[in-house]
Amino acid sequence: MTTEIWASALSLTGVALGAGLTALSQRATQRSAERAEERRLRAATSESRRAERLQSVKDFLARAQEAERAAYSRPDSWGEDADWRQRAGDTMTALWIAERHMTLLCPPALDAPARTYARALNQAVWREIGDTEVNEHLEAAKTAFMATARAILSPPTDPERDPPDPGER
C-alpha cells in the first residue's frame with residue numbers, strides 16, 4: 001500500500017511540476033511577445049514621425065523654391081507690378097507657414113537654420129540685399145539648412161552594416 005501512495009504522490013508531484021514549468025514557459029513566451037510588439041510599435045511610430053518630418057521639410061523646400069523664383073522675377077521698378085507684389089506676398093506667407101510647421105514637427109536643431117534661410121529668402125524677395133546677387137545671398141543659409149535637415153532626417157545607421165566613410169573624419 002505504501003508503494004501505491006508513493007507512486008501516486010510522485011505522479012501528482014510530476015503533474016504539478018510539469019504544470020508549473022508549462023506556466024513559467026508560457027509566461028516567458030508571452031513577455032517576449034509583448035516586448036517584441038513594443039519594439040515594433042516604437043519602430044513604426046519612429047518611422048511615421050520621420051516621414052512626417054520629411055514631408056514638412058519637402059513642403060518648406062517647395063515654398064523656398066517659390067520664394068527664390070519670386071526673388072528672381074521681381075520687377076526692377078518697385079511699384080510697377082501690383083500682381084507680382086500680391087503673388088510674392090502670398091509666396092512669403094506660405095513660406096513662413098511651412099517654416100512654423102517644421103518648427104512644430106522637427107527637432108529644435110533645425111529651427112535656427114530654417115529661420116535664417118527663410119529670412120534670407122524674405123530679404124531677397126523684397127530686395128533688402130543691396131547689389132548682392134540672389135544666389136550669392138542665399139547660398140550660406142541654404143547650405144546650412146540643407147546640412148542640418150540631412151543630419152536630422154538621416155536614419156540611424158547600423159555600424160556593422162554601414163561602416164563610416166574613411167573620408168568623413
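Which residues in α2 meet residues in α3?

**Figure 1. Overview of the chain in the predicted model.** The secondary structure consists of 4 helices and 0 strands, and along the sequence the pattern reads α-α-α-α. Of the 169 residues in the chain, 22% are buried. The accessible surface amounts to about 11900 Å², and carbon and sulfur atoms account for 54% of that surface. Among contacts between residues at least 6 apart in sequence, 75% join residues at least 24 apart.

**Figure 2. Packing of helix α2 against helix α3.** Two packed helices are described by the angle between their axes and the distance between the axes. Helix α2 covers residues 82-105 and helix α3 covers residues 111-125. Their axes lie 10 Å apart and form an angle of about 175°. Helix α2 is therefore roughly antiparallel to α3, as angles over 145 degrees are counted in this way.

**Figure 3. Residues in contact between α2 and α3.** From α2, the residues that take part are Trp84, Ala88, Met92, Leu95, Trp96, Glu99, Met102 and Thr103. They meet Asp111, Ala114, Arg115, Ala118, Arg119, Leu121, Asn122 and Val125 in α3.

**Figure 4. A nonpolar surface patch that includes Leu24.** Leu17, Leu21 and Leu24 together make this patch of about 330 Å². Leu24 belongs to helix α1, which spans residues 2-72. Is Leu24 buried or exposed? Leu24 has a relative accessible area of 59% and is therefore exposed, since the term applies to values over 50%.

Technical notes. Residues numbered from 1 in each chain as written. Predicted model: local features only at pLDDT ≥ 70, side-chain atom pairs only at ≥ 80, totals over all residues. Heavy atoms only, no water. Patch = residues over 30% accessible without salt bridge, like charges linked within 9 Å, V, L, I, M, F, W, Y side chains within 5 Å. Areas by Shrake-Rupley, 256 points an atom, 1.4 Å probe, with all protein chains shown as cover. Salt bridge = Lys/Arg side-chain N within 4 Å of Asp/Glu carboxyl O. Helix = DSSP H or I, 4+ residues; strand = E, 2+ residues; numbered from the N terminus. Buried < 20%, exposed > 50% of the residue type's maximum accessible area, 1.4 Å probe, protein only. Axes fitted to C-alpha atoms, helices over the stretch in contact; angles between N-to-C directions. Parallel < 35°, antiparallel > 145°, perpendicular 65-115°, else oblique. Contact = heavy atoms within 4.5 Å.
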